[in-house]
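Trainee: I would like to learn how to read single features off a model. Where do we start?

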Amino acid sequence: MKPVRRVTVGISGASGAAIAVELLRMLATLGIDRYVIVSQGAERTIGLELGVAARCEIRGLATTEFDHADLAAPVASGSFAVDAMIVAPCSMRSLATIAYGTGEGLLARAADVTLKERRPLVLVAREAPLHEGHLEAMLKVTRMGAIVSPPVPPFYCGLQSLDDMIHQIAARALATAGIDPGDFLRRWEGSD
Ligand SMILES: Cc1cc2nc3c(=O)[nH]c(=O)nc-3n(C[C@H](O)[C@H](O)[C@H](O)COP(=O)(O)O)c2cc1C
């Protein structure tokens with residue numbers, strides 16, 4: 001596994017802002033640089049689900065946070081060396097914007113750049129139930145090279161609490177992006 005040093009983290013307005021916070025904490029502990037983009041939708045969900053303190057924590061955990069409207073930010077260019085991008089949580093709006101290239105905004109641009117540079121792009125896409133349009137967008141981004149990895153709880157690994165579940169979902173997103181999560185990820189070792 002090639003060592004990962006720099007990761008772009010897109011936070012969009014799907015439910016599950018706590019996953020983003022946990023992901024950033026883990027990346028910080030692992031000593032990986034964090035380039036953060038928070039969508040307008042996420043500004044709202046972070047506030048509603050976690051409160052103002054969490055928004056401050058996200059800002060503090062970022063190596064650099066870029067304005068969602070700043071299309072001149074380094075992560076908008078493939079020449080800026082980032083190893084991978086994770087969008088967590090990923091709304092259906094952001095998913096579709098990435099899939100169809102219809103939207104403006106730095107999050108979608110950075111994701112597009114990640115795909116064109118053939119770097120890992122993991123979308124922790126959260127919605128339920130899913131209609132045909134959601135599924136089509138998931139298929140489209142998958143064919144383009146992204147990995148759609150919904151925040152599905154790993155019930156098999158003895159989850160102890162909601163925090164534990166969020167922790168495991170975040171660790172799995174790291175592993176899926178090619179980042180060694182070390183002891184953060186509890187792995188299935190068989191039933192014996
Ligand atoms: C509390 C709350 C929870 C939401 N949860 C979801 C969700 O799980 N999935 C989703 O696709 N959209 C969800 N939305 C709607 C998105 O925030 C909305 O579509 C927004 O425009 C997404 O824009 P963005 O992708 O630019 O963040 C939620 C909105 C709120 C206020």
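Mentor: We start with a helix and its surroundings. This is a predicted model. In helix H5, 8 of the 11 residues are buried, so H5 is largely enclosed by the rest of the structure.

Trainee: Which residues of H5 are buried?

Mentor: Buried means under 20% relative accessible area. In H5 that applies to Leu106, Leu107, Ala108, Ala110, Ala111, Val113, Thr114 and Leu115.

Trainee: What is the backbone doing just after H5?

Mentor: Look at phi there. Just after H5, arginine 118 has a positive phi of about 60°, and this residue is not a glycine. Arginine 118 sits in the loop between H5 (106–116) and E5.

Trainee: Is arginine 118 buried or exposed?

Mentor: Exposed means over 50% relative accessible area. Arginine 118 has 71%, so it counts as exposed.

Trainee: Which residue with a positive phi follows H7?

Mentor: Glycine 178 follows H7, with phi near 90°.

Trainee: How do I judge the length of H7 itself?

Mentor: Compare the end-to-end distance with the expected span. H7 covers residues 162–176, 15 residues in total, and runs 21 Å from its first C-alpha to its last. That is close to the 21 Å expected at 1.5 Å a residue.

Trainee: What do the buried residues of H7 pack against?

Mentor: First, the residues concerned. Asp164, Ile166, His167, Gln168, Ile169, Ala170, Ala171, Ala173 and Leu174 are buried in H7. The partners of these buried residues are helix H1 (17–29), strand E4 (84–90) and strand E5 (121–125).

Trainee: Now the ligand. Which residues come nearest to the ligand?

Mentor: Begin with the shell, then go to atom pairs. There are 15 residues around the ligand, and Gly13, Ser39, Ser91, Ser94 and Arg126 come nearest. By class, the shell holds 4 nonpolar, 8 polar and 3 charged residues.

Trainee: Which helices supply at least two residues of that shell?

Mentor: Helix H2 (40–49) and helix H4 (92–100) each do. H2 gives the largest share, 4 residues.

Trainee: Which polar atoms of glycine 13 and serine 91 face ligand oxygen, and at what distance?

Mentor: For glycine 13, a polar backbone atom is 2.6 Å from an oxygen atom of the ligand. For serine 91, a polar side-chain atom is 2.5 Å from a ligand oxygen. Glutamate 127 involves ligand nitrogen instead: an N or O atom in its side chain is 3.3 Å from a nitrogen atom of the ligand.

Trainee: How much of the ligand does the protein bury?

Mentor: Taken alone, the ligand exposes 640 Å², and the protein buries 70% of that.

Notes:
Residues are numbered from 1 along each chain as its sequence is written. This is a predicted model: local features need pLDDT of at least 70, side-chain atom pairs count only at pLDDT 80 or more; totals for chains, interfaces and linings use all residues. Side-chain values use heavy atoms; hydrogens and water are left out. The expected span of a helix is 1.5 Å times one less than its number of residues. Buried means under 20% relative accessible area, exposed over 50%, partly exposed in between (1.4 Å probe, protein chains only). Contact means heavy atoms within 4.5 Å. A residue is near a molecule or strand if one of its heavy atoms lies within 4 Å of it. A polar contact is a pair of N or O atoms within 3.5 Å; within protein, one must be able to donate a hydrogen and the other to accept it, and residues adjacent in sequence count only if both atoms are side-chain atoms. Accessible areas come from the Shrake-Rupley method with a 1.4 Å probe; for residues, only the protein chains shown count as cover. Ala, Val, Leu, Ile, Met, Phe, Trp, Tyr, Cys and Pro count as nonpolar, Asp, Glu, Lys and Arg as charged, and the others, Gly among them, as polar.
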